[in-house]
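Here is a short report on one protein chain. Have the sequence and the coordinates open while reading.

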Amino acid sequence: MTTIRVLIADDQVMVRQGFTVLLNAEPGIEVVGQAVDGNDAVTKVGELDPDVVLMDIRMPGLGGIEATRRITAAPEATTKVLVLTTFDLDEYVYEALRAGASGFLLKDASATELAHAVRVVGTGEALLAPNITKRLIAEFSRVTDTPHAPLKGRIGNLTERETEVLSLIAQGLANGEIAQRLVVAEQTVKTHVGRILVKLNLRDRTQAAIHAYETGLVRPAGY
């Protein structure tokens with residue numbers, strides 16, 4: 001079993017220690033360090049090269065959003081960021097997703113939910129709890145910019161089928177659900193998703209969903 005190496009970034013010592021104890025008790029997960037703020041997180045990512053950073057959004061000095069942006073900005077960056085928040089409709093969470101985070105987790109999550117989230121992100125997946133992330137993206141795409149008119153046709157150099165898959169990703173569907181909707185094999189969907197990420201230069205499914213909303217391919221409910 002490959003061990004997922006985790007860095008915990010939070011300005012509250014009790015949160016850091018609590019998550020450390022919970023995660024170190026899980027098989028296949030190891031907490032390799034703690035950071036007290038965003039600057040410390042960026043530095044320790046460079047030193048420790050963790051697979052996943054649990055990143056608090058609100059920290060003194062350099063906050064979690066800018067720290068996430070710096071950690072994920074490099075083309076060769078492999079560390080994934082899982083942002084921590086107290087409320088699931090926190091406007092800063094949306095900005096963190098735009099900055100490169102792969103998902104978010106509530107601070108009151110159970111030990112099981114915490115470990116599951118780390119494993120999902122650590123193995124290269126994204127869009128934790130698709131229905132919640134979808135709702136958050138839709139909610140805050142309302143207030144970021146003037147809504148785009150719905151797109152007709154394709155996005156960039158995506159094929160029609162890839163554009164269709166992108167739309168379904170943004171609607172919160174998992175690969176298996178997309179496969180059922182399109183009546184194709186799940187492996188075919190995985191191939192389409194990979195090509196979408198490469199063609200649009202996106203990190204993961206979360207970034208793809210945000211892109212779909214921001215380009216007007218998908219409209220939030222109510223528009």
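## Model confidence

This is a predicted model. The protein chain averages a pLDDT of 81. Of its residues, 81% score at least 70.

Over residues 146–150, pLDDT stays under 50. For this stretch the model has 10 contacts beyond four places in sequence.

## The sheet

The sheet is open and has 5 strands. Their order is β2-β1-β3-β4-β5, and the pairing is parallel. The edge strands are β2 (29–35) and β5 (103–106). Each of these two pairs on one side only. On average, neighbouring strands are turned by 25° against each other, direction ignored.

One pairing can be followed down to the residue. Strand β1 (residues 4–9) runs parallel to strand β3 (residues 52–56), over 4 bridges. Leu7 has Val53 in β3 as its bridge partner. Helix α1 (residues 13–24) packs on the sheet. The strands touched by α1 are β1, β2, β3 and β4 (80–85). The direction of α1 makes about 165° with that of β2.

## Helices α8 and α9

Helix α8 covers residues 175–182, and helix α9 covers residues 186–200. Their axes come within 8 Å and cross at roughly 110°. An angle from 65 to 115 degrees counts as roughly perpendicular. The two helices are therefore roughly perpendicular to each other.

Which residues make the contact? From α8 come Asn175, Gly176, Ile178 and Ala179. From α9 come Glu186, Val189, Lys190 and Val193. By class, this contact of α8 with α9 has 4 nonpolar, 2 polar and 2 charged residues.

## Helices α7 and α10

Helix α7 (residues 160–170) packs against α10 at an angle of about 100°. The axes are 8 Å apart. That makes α7 roughly perpendicular to α10. On the α7 side, the contact uses Leu166, Ile169 and Ala170. On the α10 side, it uses Arg205, Ala208, Ala209, Ala212 and Tyr213. The residues of this contact divide into 7 nonpolar, no polar and 1 charged.

Just after α10, Gly216 takes a positive phi of about 90°.

Asp49 is not a glycine, yet its phi is positive, at about 50°. Asp49 is found in the loop between α2 (38–48) and β3. Is Asp49 buried, partly exposed or exposed? Its relative accessible area is 47%, which makes Asp49 partly exposed. The cut-off for exposed is over 50%.

Val183 is another residue other than glycine with a positive phi, near 55°. Where is Val183 found? Val183 lies in the loop between α8 and α9. With 72% relative accessibility, Val183 counts as exposed.

Terms used: Residues numbered from 1 in each chain as written. Predicted model: local features only at pLDDT ≥ 70, side-chain atom pairs only at ≥ 80, totals over all residues. Heavy atoms only, no water. pLDDT = per-residue confidence, 0-100. Contact = heavy atoms within 4.5 Å. Axes fitted to C-alpha atoms, helices over the stretch in contact; angles between N-to-C directions. Parallel < 35°, antiparallel > 145°, perpendicular 65-115°, else oblique. Nonpolar A, V, L, I, M, F, W, Y, C, P; charged D, E, K, R; others polar. Pairing = 2+ DSSP bridges. Buried < 20%, exposed > 50% of the residue type's maximum accessible area, 1.4 Å probe, protein only.
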